[in-house]
Amino acid sequence: MSWVAHDMEPYAFERHWRLKVAFIPLLIGSYSPDLMTKWYVYGIHLGPWKLEASDPAQFHRGWPGVGFTHSLLYGVAIALVLWKVFGSKIWGISFLIGQWAHALTDMGDTVGTMLLFPWTFHFHLDAWAYAGQTGRLTDAAAYFSGLGGMWDLVWIVYGFFSWRVVTSSFFDAYVYPADGSWSWANRLIPRAALLTLYRVAFFYGTSRWIAWTIWAHVMHHYPYDLSWGGPHWVPAGHP
Amino acid sequence: VYIAIGLYFLDFLLAFVTAAVYLLVTAWLIPVAIRRLR
């Protein structure tokens with residue numbers, strides 16, 4: 001899994017496709033595969049009960065499970081609903097781009113994704129260890145000690161090189177006019193607040209990359225292991 | 001500041017909504033309030 005790439009990728013697409021994409025569905029698409037399921041992968045406490053998947057990797061990426069949310073077909077299905085049912089082609093295409101980016105990015109770990117679902121084969125590059133089954137904190141420590149964290153850093157650096165995408169003038173010239181949702185929201189919310197909301201994922205991704213890196217390596221001294229498939233000090237999940 | 005709070009309360013780092021509220025307050029509401037007070 002990836003922690004920050006899904007926050008930053010939509011800004012890279014904005015930089016290149018400008019008026020051809022709508023940012024809101026792009027971001028929703030980028031988050032969508034994990035949106036309703038991640039809590040069950042890590043588990044939550046409800047009073048005396050703990051709700052969690054018995055096999056987190058299988059639940060998250062497999063079948064049976066909700067792994068189909070990381071497939072190309074899932075993106076196409078939701079995009080068609082947005083286009084044909086709700087009548088917005090740009091929302092459909094933007095959602096599709098965001099969701100495909102997520103599915104392809106998550107191929108980088110040791111569990112991978114069922115890209116061509118209903119074919120249940122997992123495509124995986126094994127670049128970093130999938131550690132969702134170890135719980136949220138160990139997963140964070142492992143992720144930010146291996147190539148996954150470095151892959152996120154690539155997106156952050158690219159985001160900073162593309163800093164113009166978060167400027168007020170870029171928002172006014174491309175983001176706002178590309179999608180009527182912004183002008184609809186502007187009837188209730190001032191433009192300055194909308195601009196702030198547009199910038200949230202950029203801020204959120206960058207800040208938590210820094211914070212988790214400090215937490216893992218300054219406060220807790222988890223060892224870096226930038227070898228392929230690492231870090232090897234955590235038991236990696238496999239399909 | 002967001003990072004410092006997040007390191008103390010890790011849950012603060014995990015939710016997009018928390019980041020959105022934080023940014024709205026610090027980058028929009030507080031500046032608006034200060035401008036009105038002047």
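This is a predicted model: local features need pLDDT of at least 70, side-chain atom pairs count only at pLDDT 80 or more; totals for chains, interfaces and linings use all residues.
Me: Which residues of helix 9 of chain A are buried?

Reply: Within helix 9, which spans residues 168-178 of chain A, the buried ones are Phe170(A), Phe171(A), Val175(A) and Ala178(A).

Me: And where do they sit around the axis of helix 9 of chain A?

Reply: They are on the same side of helix 9 of chain A, because the arc they cover around the axis is only 100°.

Me: Switching to the interface, how many residues does the contact take from chain A and from chain B?

Reply: Chain A gives 23 residues to the contact and chain B gives 16 residues. The area buried between the two chains is about 1,700 Å², and carbon and sulfur atoms give 86% of that area. On the side of chain A, Thr196(A), Phe203(A) and Tyr204(A) lose the most area to chain B, together making up 32% of what that side buries.

Me: What about salt bridges, how many between chain A and chain B?

Reply: The count is one salt bridge, and it is formed by Arg136(A) with Asp11(B), whose closest N and O atoms are 3.8 Å apart.

Me: Which helices of chain A supply the side that touches chain B?

Reply: Helix 2 (23-35), helix 7 (136-143) and helix 11 (191-219) of chain A each supply at least two residues of that side, and the largest share, 17 residues, comes from helix 11 of chain A. Sorted by class, the side of chain A that touches chain B has 18 nonpolar, two polar and three charged residues.

Me: What is phi for Asp126(A)?

Reply: Asp126(A) has a positive phi of about 65° although it is not a glycine, and with 27% relative accessibility Asp126(A) counts as partly exposed.

Me: And is His221(A) buried or exposed?

Reply: His221(A) counts as exposed, at 60% relative accessibility; this residue is found in the segment after helix 11 of chain A, and its phi is positive, near 60°.

Methods
Residues are numbered from 1 along each chain as its sequence is written. Chains are lettered from A and ligands numbered from 1 in the order in which they are written. Side-chain values use heavy atoms; hydrogens and water are left out. Contact means heavy atoms within 4.5 Å. Buried area is the accessible area (1.4 Å probe) that two parts lose on being put together, summed over both. A salt bridge is a side-chain nitrogen of Lys or Arg within 4 Å of a carboxyl oxygen of Asp or Glu. Helices (H or I, at least four residues) and strands (E, at least two) are DSSP runs, numbered from the N terminus. Ala, Val, Leu, Ile, Met, Phe, Trp, Tyr, Cys and Pro count as nonpolar, Asp, Glu, Lys and Arg as charged, and the others, Gly among them, as polar. Buried means under 20% relative accessible area, exposed over 50%, partly exposed in between (1.4 Å probe, protein chains only). The arc is that of the directions from the helix axis to the C-beta atoms.
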